[in-house]
Amino acid sequence: MKSIPFSILLASVILGISFIIGCILLTTQESNSELTQAAEQKVPNDKALMTIQETAEYLSMTEEQVMSIIKAEQGSFTVSGFFDGRMFPFIKVQDKFFVSRVELDLWVQEASASHRRYINGQMQ
């Protein structure tokens with residue numbers, strides 16, 4: 001019986017590990033892609049950005065509640081210098097806020113999964 005050279009054995013192990021890591025990365029990328037596709041399918045119209053009023057209606061909240069979430073997350077970020085997780089997806093143009101509908105769906109999933117709490121304009 002011949003012995004397998006060490007270099008072939010090492011190459012086989014490296015190839016196997018690479019294959020496993022590649023599969024994991026593809027699976028993660030597919031799940032992120034599925035989340036994005038699911039979020040995009042929920043979009044009833046072609047608008048990429050919503051106003052605060054449209055966002056509030058979309059979330060079944062009041063405009064004040066939406067603004068409270070934005071202020072709470074911004075306050076938390078300002079105090080600590082970082083924010084753990086996905087922040088509420090808004091942009092501000094002059095005095096108006098706009099929210100990405102696709103990113104909002106992803107934010108809702110993450111905020112729900114981590115059981116975030118917003119009380120009196122602060123994150124708990």
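I count two strands as paired if DSSP finds at least two bridges between them. Helices (H or I, at least four residues) and strands (E, at least two) are DSSP runs, which I number from the N terminus.

**Entry 1. Basis.** I am working from a predicted model, in which local features need pLDDT of at least 70 and side-chain atom pairs count only at pLDDT 80 or more, while totals for chains, interfaces and linings use all residues. Residues are numbered from 1 along each chain as its sequence is written, and side-chain values use heavy atoms, with hydrogens and water left out.

**Entry 2. The sheet.** I looked up the strand order and found S1-S3-S2, an open sheet of three strands with antiparallel pairing. S1 and S2 stand at the edges with a single partner strand each, so one side of each has no neighbour in the sheet. From one strand to the next the twist averages 35°; for this and later angles, axes are lines fitted to C-alpha atoms, for helices over the stretch in contact, and angles run from 0 to 180 degrees between N-to-C directions.

S1 (residues 49-51) pairs with S3 over three bridges in the antiparallel sense, and leucine 49 lies opposite serine 100 in S3. S2 and S3 run antiparallel and are joined by four bridges. Phenylalanine 90 faces valine 99 in S3, and lysine 92 has phenylalanine 97 as its bridge partner in S3. These two strands, S2 and S3, form a hairpin with two residues between them, and glutamine 94 in the turn has a positive phi of about 55°.

On S3, I assigned Phe97 and Val99 to the covered face, and Lys96, Phe98 and Ser100 to the uncovered one.

**Entry 3. Helix H3.** I recorded 18 residues for H3 (residues 63-80), with 26 Å from its first C-alpha to its last, close to the 26 Å expected at 1.5 Å a residue. The expected span is 1.5 Å times one less than the number of residues. Glycine 81 follows H3 and has a positive phi, near 85°.

The buried residues of H3 are Val66, Met67, Ile69, Ile70, Ala72 and Glu73 (buried is under 20% relative accessible area, exposed over 50%, partly exposed in between, with a 1.4 Å probe and protein chains only). Their cover includes helix H2 (52-59), strand S2 (90-93), strand S3 (96-100) and helix H4 (101-113).

**Entry 4. H2 against H3.** I found these helices packed at an angle of about 100°, with their axes 8 Å apart. H2 and H3 are therefore roughly perpendicular to each other (angles under 35 degrees count as roughly parallel, over 145 as roughly antiparallel, 65 to 115 as roughly perpendicular and the rest as oblique). Ile52, Gln53, Thr55, Ala56 and Leu59 of H2 make the contact with Glu63, Val66, Met67 and Ile70 of H3, where contact means heavy atoms within 4.5 Å.

**Entry 5. Threonine 55.** Leaving out residues up to four places away in sequence, I listed Met50, Val66, Phe88, Val99 and Leu104 as touched by threonine 55. The C-alpha atoms of threonine 55 and valine 66 are separated by 7.7 Å, the two residues being 11 apart along the chain.
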